[in-house]
Amino acid sequence: MKVLTEADLPLEKETVCTIGNFDGFHRGHSHILEKVRREAEETGRASLVITFEPHPKKLLNPEKAPCRITGLETKIDLLEGQKIDYLYIIKFDREFSRKSPEEFIDFLTDRLRCKKLIVGHDWRFGYGGKGDIQTAKQLGEKAGLEVEVIPPIKLGEERVSSTKIRQLLKEGKVEQVSKYLGRDYCIKGKTVKGDRLGSKIGFPTINIIPPEDLCLRKGVYSGFVQYRDELLPAVINYGNRPTVDGKKEFIEAHIIGKKVQIPENAPVRIYFKKFLREEKKFSDIDQLKKQIKADIDSAMKLLEVK
């Protein structure tokens, strides 16, 4: 997948495109992307995903901006696995937010050569969200753009939505989240240098910086670290580490039962399987060590590590 820049526009090849925030990348998103990829293959066009950074509400209505299910790096990583040809990330600023529905459709057809647009049923676009599906179809007819609308995906009677997933993440219910995603919930990042307290007390960790405004409930989880092609069982802490300093947010993972040398700045994926407990401040290091051992025992049972 190629991440497009302004220097790549206008595109030479015609595209089949979709637009959205794709935060969390759930079953509904996967269904749309499958349609985009298949349509592109059948028509000899390129598949294109268009997303925004930051989330439009972050700029236009920050008080109501949703927390993040994943960060941009994880989103790009998940899209790579969908075999999409192009990704275009719109830098959502005041200037772009003022585009009228007509200007937005012109941007799609002229700059991104989009000939077929596949979107969810509730998609809106243009200044103030004035454009809806009907507007897109009317404008698209004049511009040579076909618009296909995908109905919502349901699990039982419930619609799969980012709103529902955010709610579950805030409660730490990562097992339920996986049902809506169609995969385990994960965060991708590059390892950073920690304070090495874990190594000093016998429980070394790898650390990544979590995305800003992450929805996930703070606390300790069982899960896995993926480094290269290896999936390693782990105890994972997301939070501010109140026993240490309580200031910076980290996702830190202690790999269970195996010494693995993962260098600084290495790309890893952290998979969350089950919430174990709240993050809390311990009176001393010995109490912290005792709790970590108990967390490891709990994780080993849940992950069936022998």
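## Crossing of helices 5 and 6

In this predicted model, helix 5 and helix 6 cross with a right-handed sense. Helix 5 spans residues 101–111 and helix 6 spans residues 133–143, and their axes come within 10 Å of each other while crossing at roughly 50°.

## Parallel pairing around strand 4

Strand 4, which covers residues 86–91, runs parallel to strand 1, residues 2–4, and three bridges join the two. Strand 4 also pairs in the parallel sense with strand 3, residues 46–53, here over six bridges.

Six strands form an open sheet in the order 9-14-11-12-13-10, and their pairing is antiparallel. Strand 9 (185–190) and strand 10 (206–208) stand at the edges, and since each has a single partner strand, one side of each is left without a neighbour in the sheet. From one strand to the next, the twist averages 35°.

At the edge formed by strand 10, the partner is strand 13, residues 250–255, with which strand 10 pairs in the antiparallel sense over three bridges. Within this pairing, Ile206 stands opposite Ala253 of strand 13.

## Helix 10 and its two faces

Helix 10 comprises the 19 residues 285–303, and the distance from its first C-alpha to its last reaches 26 Å, which is close to the 27 Å expected at 1.5 Å a residue. The buried residues of helix 10 are Leu288, Gln291, Ile292, Asp295, Ile296, Ala299 and Leu303. Viewed down the helix axis, these buried residues fall within an arc of 150°, so they line one face of helix 10.

The face turned away from that buried side carries Asp286, Lys290 and Lys301, which are exposed; in this model, exposed stands for over 50% relative accessible area, whereas buried stands for under 20%. Beyond the end of helix 10 comes Glu304, a residue whose phi is positive, near 60°.

Terms used. Residues numbered from 1 in each chain as written. Predicted model: local features only at pLDDT ≥ 70, side-chain atom pairs only at ≥ 80, totals over all residues. Heavy atoms only, no water. Helix = DSSP H or I, 4+ residues; strand = E, 2+ residues; numbered from the N terminus. Expected span 1.5 Å × (residues − 1). Buried < 20%, exposed > 50% of the residue type's maximum accessible area, 1.4 Å probe, protein only. Arc of directions from axis to C-beta. Pairing = 2+ DSSP bridges. Axes fitted to C-alpha atoms, helices over the stretch in contact; angles between N-to-C directions. Left-handed = near helix turned anticlockwise from the far one by under 90°.
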